[in-house]
Amino acid sequence: MTADSRGLPLREILSDIGSFSEVGSRPLRAYQLECARAVAQAVLRGEGKVFTVMFARQMGKNETSAQLEAYLMALHARRGGCIVKAAPSFKPQVINSILRLKATLRSNPLTRKRWKSAFGYMLQLGNCTTTFLSAERHANVMGATASLLLEIDEAQDVDPDKYDREFRPMASSTNATTVLYGTAWSEDSILERQREINLAHERRTGERLHFEYDWRILASILPAYCAFVEAEIERLGEQHPSIQTQYLLR
């Protein structure tokens with residue numbers, strides 16, 4: 001059985017998130033694949049790891065997340081499973097994540113006609129679902145289960161107590177993998193807290209759980225992005241908080 005115009009076997013396409021993204025119209029760049037592969041492998045092996053992923057602004061963090069979700073949904077459409085993704089606000093952040101996953105599912109022939117929406121905040125492919133939740137302090141999120149993957153977007157803006165008390169336990173029943181996405185901001189955020197844990201783990205064991213890509217990674221392959229950020233640095237100065245946090249990830 002083949003699934004695309006190049007005649008690639010279905011098994012080969014589903015063996016790697018890179019092959020999966022290439023079959024659709026939204027292939028991931030090398031740096032996106034680096035972290036996406038690590039997360040996907042941890043999910044498939046049931047390793048229960050906690051990753052931190054930091055991208056400079058407009059470098060494709062949300063696209064990476066959507067491709068990861070679509071890939072895992074395609075793999076688990078028959079056997080089932082649950083992904084939970086949360087963001088600091090429902091409008092516009094959660095809505096943007098829903099739209100991004102819908103676009104990704106539509107663009108890939110393996111998923112194009114197989115998915116459906118449910119309840120306004122869930123997407124389903126066969127027996128696998130992705131549920132999108134607000135991480136606002138007063139949002140009622142109790143009861144959701146992330147049996148495959150728990151994702152926290154813009155984790156630097158999520159209240160640590162809400163994450164620890166309400167979101168982190170969602171991964172407990174299956175020891176599911178967790179990913180905290182975001183950019184640099186404060187030293188007491190859940191993203192920075194976990195980043196330090198992951199860096200210490202890497203120094204101790206050599207295993208990489210933290211993936212960080214500042215603006216220069218994309219600038220080296222996309223001239224338009226390079227020109228924009230260089231103009232911002234010239235306009236604001238390299239020491240400006242927006243440059244330091246959003247583009248240099250400091």
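Mentor: Before we start, a polar contact is a pair of N or O atoms within 3.5 Å, where within protein one must be able to donate a hydrogen and the other to accept it, and residues adjacent in sequence count only if both atoms are side-chain atoms. This is a predicted model, in which local features need pLDDT of at least 70 and side-chain atom pairs count only at pLDDT 80 or more, while totals for chains, interfaces and linings use all residues. Residues are numbered from 1 along each chain as its sequence is written, and side-chain values use heavy atoms, with hydrogens and water left out.

Trainee: What does the side chain of Gln32 reach at 2.7 Å?

Mentor: The side chain of Gln32 reaches the backbone nitrogen of Arg29, and 2.7 Å is within the 3.5 Å limit for a polar contact.

Trainee: Why is Gln32 called buried?

Mentor: Buried means under 20% relative accessible area (exposed is over 50%, partly exposed in between, with a 1.4 Å probe and protein chains only); Gln32 has 3%, so Gln32 is buried.

Trainee: Why does Leu28 count as buried?

Mentor: Leu28 has 9% relative accessibility, which is under 20%, and therefore Leu28 counts as buried. Leu28 is placed in the loop between helix H2 (17-23) and H3, helices being DSSP runs of H or I with at least four residues, numbered from the N terminus.

Trainee: Which residues does Gln32 contact, leaving aside neighbours within four places in sequence?

Mentor: Gln32 is in contact (heavy atoms within 4.5 Å) with Phe55, Met59, Gly60, Glu63 and Thr64, and Leu28 touches, among others, Glu63 and Thr64.

Terms used. Helix = DSSP H or I, 4+ residues; strand = E, 2+ residues; numbered from the N terminus.
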